[in-house]
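Please open the model in your viewer and keep the selection tool at hand. We will walk through it stop by stop.

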Amino acid sequence: MDGTQRLRDLAVSESGFVFDPYTGHTFSLNQTGRVVLEALRGGASVDQIVADLREGFAVDPGTDLARDVREFLLLAREQGWTTAQAEVP
Amino acid sequence: MSGTSRPLTVAVTGLNATDNPAPGVGVIRSLRAEPAFQGRVVGLAYDALDSGLYARDIGLDEGFLIPYPSQGVEALRERLRAIHAEAPLDVVIPTLDSELPAFIELEGELRRWGIQTFLPTRAQLELRSKAHLAELGARAGLEVPAQRVLTDAAEVFRLGPELPYPLVVKGVFYGATVAQGPDEAAAAFHATVARWGLPVIAQRFHAGEEYDVVAVGDGRGGMVGAVPMRKLLLTDKGKGWAGVAVKDPSLLDAARRFFAATAWRGPCELEILRTAEGRYLLIEVNPRFPAWCFLAAGAGQNLPWAVVRLALGDPPTALPDFRAGTLFVRIALDQIASIDDLQALATAGALRLAREGA
């Protein structure tokens, strides 16, 4: 199993409800969380995800989006969905 | 010709469906969910008030009382002979740990009468017993918690460093109590002995998430099917009241290893703990279907039906994949019955049901 298989196997609904079929855990994502997760599933880098968020949402100029995305990545690693090695830098 | 191409009568035990339910109702519902099964289902119960006996809508045709396991093999043999004369049985699926030794002993005789079973051997049953978990783990290449088999309460005061507190005190058949220190462990020891007898098992406590796997082995080292589940809701007795089917390859691999190492024949439930570090520890193997086995049928693997087919001599075939994310959510319902039903069971030990929709 490669480092992002778990990420691809997540069941994600339109409403942002996430089911992890490996552990049985469920999560609720807001709209931006869903965009980040889908981008990660698509193999996007942190920079690409930040660009997507800036394009899709009204973001305060002072918001550190890259930090928020990295925090999301840490949570994803904690769940075993991805590994540092597998992530696109 | 397949042994399952004719109307069958399948007997199922374990109909005590309380908040700690026996597996019988789940097994019967699974059989009734199988389109190929058009036969009759006979319930074998220990008490006239075992609630599954009154569950007309689950597809029970008849109910009979059988003697408690403590009454011995001879009493069970004679009762089964009488039931078989009244309602000829093709297959019997025992679902309780405590009755398995007697059914295993009677297996050959039942076969001669025309009643098939698909049970583990006595040696397999012994190997998976809680007292032999370490040996089983070593044989199957599965990590198990450190444990010691106790026969004297005083032993809890001199457990070695491999068994620090808290630890889990377990009965040989059922029951598990987390003890924070030797005094609690001694009290749990005595309570366990009073209920289940000796020996008692002191098992190392590990924090983590418990997963349960219902599975069927073909008796040749192969796995016919398996569905892992994570409990979502527990009763105050720690029993699952809701759960979800999951597809963690490590859990399925553990089940495969168990079957390969033991050549287990029949149904079982593996209890596996996943620690925060991602280790998988086999905690226990129950030698029968769990109460939640209907989830497996709902998720796409009808394991009780597979056992019926195997009992009748159909060749083992791997079951289709199951759907992770399938849930079970249990419900408690008040069933309405007639005093005549209770009278029939209390006096004659038998009840004929007019099934809904039959």
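How many bridges join strand S10 (residues 223-234) of chain B to strand S11 (residues 240-245) of chain B? Select both strands: five bridges join them, and S10(B) and S11(B) run antiparallel. At one end of this pairing, look for Leu234(B), which stands opposite Gly240(B) in S11(B). Helices and strands here are DSSP runs numbered from the N terminus (H or I with at least four residues for helices, E with at least two for strands), and two strands pair if DSSP finds at least two bridges between them.

A word on what you are viewing: this is a predicted model, in which local features need pLDDT of at least 70 and side-chain atom pairs count only at pLDDT 80 or more, while totals for chains, interfaces and linings use all residues. Residues are numbered from 1 along each chain as its sequence is written, with chains lettered from A and ligands numbered from 1 in the order in which they are written.

**The six-stranded sheet**

Now widen the selection to the open antiparallel sheet of chain B, ordered S13-S12-S9-S10-S11-S14. Its edges are strand S13 (280-286) and strand S14 (327-329) of chain B; each has a single partner strand, so one side of each lacks a neighbour in the sheet. Neighbouring strands are turned by 30° against each other on average, direction ignored.

Among the buried residues are Trp305(B) and Arg309(B). Just after H9(B), click on Gly313(B), which takes a positive phi of about 95°.

Then bring in helix H1 (residues 24-32) of chain B. H1(B) and helix H9 (residues 303-311) of chain B pack at an angle of about 80°, their axes 7 Å apart. The two helices are therefore roughly perpendicular (65 to 115 degrees). Show the side chains of Val27(B), Ser30(B) and Leu31(B) from H1(B), and of Pro304(B), Trp305(B) and Val308(B) from H9(B), which make the contact. Two residues are in contact if their C-beta atoms, placed from the backbone, lie within 7 Å.

**The four-stranded sheet**

Move on to the open antiparallel sheet S5-S8-S6-S7 of chain B. Strand S5 (147-150) and strand S7 (176-179) of chain B are at the edges, each with a single partner strand, so one side of each has no neighbour in the sheet. The twist averages 25° from one strand to the next. S5(B) pairs with strand S8 (residues 200-204) of chain B over four bridges, in the antiparallel sense; pick Gln147(B) to find its bridge partner, Gln203(B). Helix H6 (residues 182-196) of chain B packs on this sheet, touching S5, S6, S7 and S8 of chain B.

**Zooming out**

Finally, show both chains: seven residues of chain B are in contact with six residues of chain A. Chain B as a whole comes to 10 helices and 15 strands, and 46% of its 358 residues count as buried.

Note on methods. Buried ≥ 20, exposed ≤ 12 C-beta atoms within 10 Å, placed from the backbone. Axes fitted to C-alpha atoms, helices over the stretch in contact; angles between N-to-C directions. Parallel < 35°, antiparallel > 145°, perpendicular 65-115°, else oblique.
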